[in-house]
Amino acid sequence: MAEPLIHAQDVTRRFGDFTAVDGVSISVAAGEIVGLLGANGAGKTTLIRMILGLLPPSDGALALFGAPPSREGRARLGYVPQGLGLWDDLTVAENLAFVDQAFGSRATAVPDALAGSRDGLVGGIGLGRQRQLAFAAALGHGPELLVLDEPTSGVDPLSRARLWDTVHESAEQGVGVLVTTHYMQEAEQCDRLVLMSQGRAVGEGQLADIVAGTTALAVRTERWQDAFEALDRAGVLVMLSGTHVRAVDADEVRVRAALGGLAAEVEPVGATLEEAMVARERSAG
Amino acid sequence: MKAMILKEFRELRRDKRTMAMLIVLPIVLLTIFGYAANFTVDTIPTRVIGPGAEQAAANAPELFDIGEVDAEATTDDALAWMTDNATEVVIDTTTQPPTAYVDGASLFTAQSASAAFGRMGDQVEVDILFNPDLETSWVMVPALIGLILTFIGTIITSIGLVKERQSGTLEQLAVMPLKPADVIIGKIAPYFLLASFDMLVVTFLGVWIFDVPFNGSPWLFAIGAGIFLFVVLGIGVLISTVSQTQAQAIQLAIMLLLPQILLSGFIFPLDAMPTAIAAIGRCLPLTYFVEIAQGIFLRGAGLDALWVPYAVLTGMALLVFTAAVLRFRRDLAPSAHHRAKSKAA
């Protein structure tokens, strides 16, 4: 079996008394898209910074291309940070030229979508285009691994879809991808997910595996606000989507008891990833 | 409005650097100005030579601090001492009446000495060397070059580096396969070159517009300016490593710039300051650059006369620049730093 591009075993990072990442294990193989899913502050970015070698782990073992993170290892990956890491005072073409020179790669072509902004300062183009440029810069030197930290944050749905097309194309060519996100729709694009909550990995596997461990009940009633309050009061993990009340990981008998005399239809439904995640966060917390 | 005022005070209370500027800086400025802002020189280091040296030394006004009385020394010795900045005044009794050689490069000292000799009437003939008309610009322009280099080195460099950190691109540089040395040199070299260009422009303009004489070796001056630039660029890099925002970098740079302006001796003479304040001045790099610049421009001094400021500046450059590079390197390659520490442990 081929060696994973990233292999982290029980990695921990403490900042004083605060543990940002607590014993997380993760691996990414070639051609695989692994999603690191969690709310803000879950420890995703800290984990990524350790994988890149920007932050030393307090405990645990970490290998990038089979060796401790190093400059040689980083030369084989493309990284798109949350802040994009572009130079605002350089033009689109100048940004790409600098990255090419730094990686010693041949000139990266300005993506077609950015052709009109080729000589425009990066600070003056929209966020969607900046993200496209950051992707082009990260892919320019033909990396074996892509590390993407919240790559589509603040991008419109069409641009987001385009960026994910790029990610899938890269993965099909054998590039391993580690992507952090807190968008549930994006998580569905990943081959495998690692759910993080409060620094810990609270779940891992394919989307179906993760969701399969969670049950949900749809509670249909015209008095949805009363139903929500009653279930919440009873300690049931309850979620609301518009006017649809859903009880997560709850027993039907307990739900009906909590609703009391309130007229409602209670029906088992498939749990969503978001529900699975909240349920795991609750049981971990 | 009350809510706004309260909010502002709460923010200010937590902004330690601004609080330092608001509270500590005025106290420091008042103290320093109170002691340092003194144009009146109380004592002037003086040597007396020639056959009448003993008598002239005895008759010299109290202002002159007679350090050496040498009946054997010649006028050539006196002029050599003045060029080497070994003393501020030499009273030469080999001539009749005695000639008092005064260092015009030390403006306020020269003014005080001239006034004192003037009160003695025809007893002494005064010869002001290096700056006969006691032109302020002749003394200020060489020193201003140092101030300009300090400004570029500390403020502009630290802003440039902090901008990289603030925009997140420093992290991107750390992820690229660039050696930390490549990043550091690549980042600092443009500022070094721009500051060198500024130094050339200001030097030419100073000489051309203000007729400031350039009597020494241009190469020696260029080397001195280069060493000084390493010190101030190092300070700029150090400021950037402890600043999260450009505003913080500017605040810190100003806090370090002000004492250099006030205590380096280019506005207020160090000789006129109390010992403790002058000692602070002698810890500042600009003090030594001013000594070098004025020495080379006006006195035409060589390395034999200026080796002390050169040595001190070189020491400072090594210390500050090494510290700056190590700190900056730690930002760029934290894991390497961690590995080195683990190995050591």
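Predicted model: local features only at pLDDT ≥ 70, side-chain atom pairs only at ≥ 80, totals over all residues.
**Stop 1: chain A on its own**

Switch to a cartoon view and you can look for ten helices and 13 strands. Chain A has 285 residues, and 46% of them count as buried. Now think about how the chain folds back on itself: taking contacts with a separation of 6 or more, 71% in chain A are between residues 24 or more positions apart.

**Stop 2: Ala138 in chain A**

Select Ala138(A), which sits in helix α4 (residues 127–139) of chain A. Is Ala138(A) buried or exposed? The cut-off for buried is 20 or more other C-beta atoms within 10 Å. Ala138(A) has 26 C-beta neighbours inside 10 Å, so it counts as buried.

**Stop 3: where the chains meet**

Bring chain B back. The contact between the chains uses 17 residues from chain A and 13 residues from chain B. On the chain A side, highlight α2 (71–74) and α3 (92–103), the elements that each give two or more residues to this surface.

**Stop 4: chain B as a whole**

The C-alpha trace of chain B spans about 75 × 55 × 50 Å along its principal axes, and the chain holds 14 helices and five strands. Of its 345 residues, 42% count as buried. For contacts with a separation of 6 or more, residues 24 or more positions apart make up 73% in chain B.

**Stop 5**

An unreviewed UniProt entry lists several stretches of chain B as "transmembrane region", including residues 20–37 and 249–268. Select residues 20–37 of chain B: the span is 94% helix and 0% strand, and its end C-alpha atoms lie 22 Å apart. Next select residues 249–268 of chain B, where the ends are 27 Å apart and the span is 75% helix and 0% strand.

**Stop 5: a pair of helices**

Show α9 (residues 218–241) and α13 (residues 303–332) of chain B. Their axes are 8 Å apart and the helices pack at an angle of about 30 degrees. That angle makes α9(B) roughly parallel to α13(B), and their crossing is left-handed. The residues in this contact come to 18 nonpolar, four polar and two charged.

**Stop 7**

One bit of background first: most residues other than glycine have a negative phi, and most peptide bonds are trans.

Zoom in on Gln96(B) and Pro97(B), which are joined by a cis peptide bond with omega about -5 degrees. Pro97(B) is in the loop between β3 (89–92) and β4 (99–103) of chain B.

Finish in the loop between β5 (125–129) and α6 (136–166) of chain B, where you'll find Phe130(B). Phe130(B) isn't a glycine, yet its phi is positive, about 70 degrees. Phe130(B) is buried, with 25 other C-beta atoms within 10 Å. Leu134(B) lies in the loop between β5 and α6 too, and has a positive phi of about 50 degrees. Leu134(B) has 16 C-beta neighbours inside 10 Å, so it counts as partly exposed.

How values were computed: Residues numbered from 1 in each chain as written. Chains lettered and ligands numbered in written order. Contact = placed C-beta atoms within 7 Å. Helix = DSSP H or I, 4+ residues; strand = E, 2+ residues; numbered from the N terminus. Buried ≥ 20, exposed ≤ 12 C-beta atoms within 10 Å, placed from the backbone. UniProt positions renumbered as here; feature names shortened; annotations may be inferred. Axes fitted to C-alpha atoms, helices over the stretch in contact; angles between N-to-C directions. Parallel < 35°, antiparallel > 145°, perpendicular 65-115°, else oblique. Left-handed = near helix turned anticlockwise from the far one by under 90°. Nonpolar A, V, L, I, M, F, W, Y, C, P; charged D, E, K, R; others polar.
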